[in-house]
Amino acid sequence: MKDELNFKSVEAFKSFIESELLTTREVADLLGCSRQNIKQLVDYKTLVPVKQTSRERLFLKADVIEYMNSKKASK
């Protein structure tokens, strides 16, 4: 069964976007690496952006945290 998100207002949706989506720079800062390293993770499909344009990628914070946890567990 697929997870569903229901928002009661546009403001609730905006709040979700602001708190739960990260840009490439934010992900790089969180992981302590370069934007180029994030590009490599995307190329290898280790991290998958939810939206990608010619200038930017957006990631779900939960996916980045899951990646961080799996990386810690493998050490």
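Begin by selecting glutamate 11 and lysine 14, whose side chains meet in a salt bridge at 4.0 Å, N to O, a salt bridge being a side-chain nitrogen of Lys or Arg within 4 Å of a carboxyl oxygen of Asp or Glu. Both residues lie in helix α1 (residues 10–20), 3 residues apart, about one turn of the helix; helices (H or I, at least four residues) and strands (E, at least two) are DSSP runs numbered from the N terminus. Glutamate 11 counts as exposed at 54% relative accessibility, and lysine 14 as partly exposed at 47% (buried is under 20% relative accessible area, exposed over 50%, partly exposed in between, with a 1.4 Å probe and protein chains only).

This is a predicted model, in which local features need pLDDT of at least 70, side-chain atom pairs count only at pLDDT 80 or more, and totals for chains, interfaces and linings use all residues. Residues are numbered from 1 along each chain as its sequence is written, and side-chain values use heavy atoms, leaving out hydrogens and water.

Finally, select arginine 57 in strand β3 (residues 57–60), which is buried yet has no salt bridge, the nearest side chain of opposite charge, that of aspartate 43, being 5.0 Å away (Lys and Arg count as positive, Asp and Glu as negative, while His and the chain ends are not counted). The side chain of arginine 57 does make a polar contact of 3.5 Å with that of glutamine 52 (a pair of N or O atoms within 3.5 Å; within protein, one must be able to donate a hydrogen and the other to accept it, and residues adjacent in sequence count only if both atoms are side-chain atoms).
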